[in-house]
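Here is a briefing on a metal site and on charged side-chain pairs. Please keep the sequence and the model open while reading.

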Amino acid sequence: MLEDLARIGLDPSTGGYVRDAWSAADLTLREWFRDQAARRGLDLHEDRNGNQWAWWGDSSREPGVVTGSHLDSVRQGGAFDGPLGVVSAFQAVDLLRERGFTPSKPIGVACFTDEEGARFGVPCMGSRLLTGVLDPERARGLADDDGDRLGEVLARQGRKPEDLGADPETLARIGVFVELHVEQGRGLADHDCPVGVASAIWPHGRWRFDFRGQANHAGTTRLEDRDDPMLAYAAKVLAAREAAVKHGVVATFGKLRVSPNNANAIPGLVSAWLDSRGAGEAEVRALVAELSEGAAVSEESWTPVVDFDVALRERVAVAAHRALGAPGGPGMMVPVLPTGAGHDAGILAGAGVPSAMLFVRNPTGISHSPEEHAERADCEAGVAALAGVLEELTR
Ligand SMILES: [Zn+2]
């Protein structure tokens, strides 16, 4: 199944993926999801925010156990971030059926829309709209790099942008959510276990900084006459690194928009996006406050710390451990670890849905890059663990 997906949105010049929400690649991925649901005889439902749900059993009668992830990617992302969770979800359903298992509750496979926020700037858009934490009016007005607003993009595709928004009916069908994801760090790399369980997601946010100056000729403008916003931006990047060390968090300027973006012109405007995360909310906030002094800053997203439900986490860890044949011997448990990466499971947990996450080992820890990798055997262990967890939660 991962090989099926390998061509979609691939940039052959880098080996990376570009799967922006609602792009041609994304539409192909949505079709692939529908096809996978149909092949298995699962009932497909697309909610008002574009999230896709494939149900084994009738979720209108009672809430089910849902697993899945997303199929969109960051720009120049890897093959596993998102797709591994969706593929593993379908594979886990197959495995349970092969075993002749009959779940006592519906099992759902989910694919969330626009998890990465690569195009419109707000991550976990599908789950934020679903749970009502993102105002639909704001979502419709978000523009991509070409100035196209989400509302217009959806309308052009024959969808109904006016339908976006909180969807308590769909939300009520999710009794429990378990997301499997490739690990995006090296937490498991040094463990003798291919699968781990998430304890928490660090609080994280995105902020846009606008540095204004005077666009002018790069050759004829004397140094003392320049009002060059690139200098202010450069100073801010260095300040962010220093503040990150001071507050014990991470801070990254990874996206930049320069106007007019000519090699022979002093820019008139530099917009830069800061991403900051850390174990403590106060420390992240302190860093942003410090960097915001005297600058034009707008907060594009903020996600508070997520501590996953402890009882559910334990149950998931025990079931995964059992499904993997108790690696590490008796008395050992699959590793439980926090992550600095945001996920739809975190948004759902924040909305009161009991949620948990399984991580599959990433040998280098590299993610959001074409070099992201997981070994086949580890992916298969992930499927086995997920099937064990679904079995435990629906027996
Ligand atoms: Zn992801």
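**Zinc site and salt bridges**

Three residues coordinate the zinc ion: His70 through NE2, Asp81 through OD and His181 through NE2, at 1.9 to 2.2 Å. The model is predicted. A search of the whole structure finds 24 salt bridges.

**Zinc site**

- Along the chain, the donors of the zinc ion are spaced as H-x10-D-x99-H.
- Asp81 and His181 link distant parts of the chain, 100 residues apart.
- Asp81 sits in the loop between strand S5 (64-70) and helix H3 (83-98). His181 belongs to strand S7 (residues 174-182).
- Asp81 has a relative accessible area of 5%, so this residue counts as buried, the cut-off being under 20%.
- His181 is also buried, at 1% relative accessibility.

**Asp144 and Arg119**

- A salt bridge joins Asp144 to Arg119, with the closest N and O atoms 2.9 Å apart.
- Asp144 lies in the loop between helix H5 (136-141) and helix H6 (150-156), and Arg119 in the loop between strand S6 (107-112) and helix H4 (125-131), so the pair ties together parts that are 25 residues apart in sequence.
- Are these two residues buried or exposed? Both Asp144 and Arg119 are buried.

**Asp148 and Arg156**

- Asp148 forms a salt bridge with Arg156. Their closest N and O atoms are 3.4 Å apart.
- Asp148 is partly exposed, at 22% relative accessibility.
- Arg156 has a relative accessible area of 57%, so this residue counts as exposed, the cut-off being over 50%.

**Glu392 and Arg315**

- Glu392 pairs with Arg315 in a salt bridge, the closest N and O atoms being 2.9 Å apart.
- This pair links distant parts of the chain, 77 residues apart. Glu392 is in helix H12 (residues 376-394), and Arg315 is in helix H10 (residues 310-323).
- Glu392 is buried, with a relative accessible area of 16%, whereas Arg315 is partly exposed at 39% relative accessibility.

**Salt-bridge network**

- Which residues are linked in a network of salt bridges? Asp20, Arg75, Asp145, Lys255 and Arg257 are.

Note on methods:
Residues numbered from 1 in each chain as written. Predicted model: local features only at pLDDT ≥ 70, side-chain atom pairs only at ≥ 80, totals over all residues. Heavy atoms only, no water. Donors = N, O, S within 2.8 Å, 3.2 Å for Na, K, Ca; no water. Helix = DSSP H or I, 4+ residues; strand = E, 2+ residues; numbered from the N terminus. Buried < 20%, exposed > 50% of the residue type's maximum accessible area, 1.4 Å probe, protein only. Salt bridge = Lys/Arg side-chain N within 4 Å of Asp/Glu carboxyl O.
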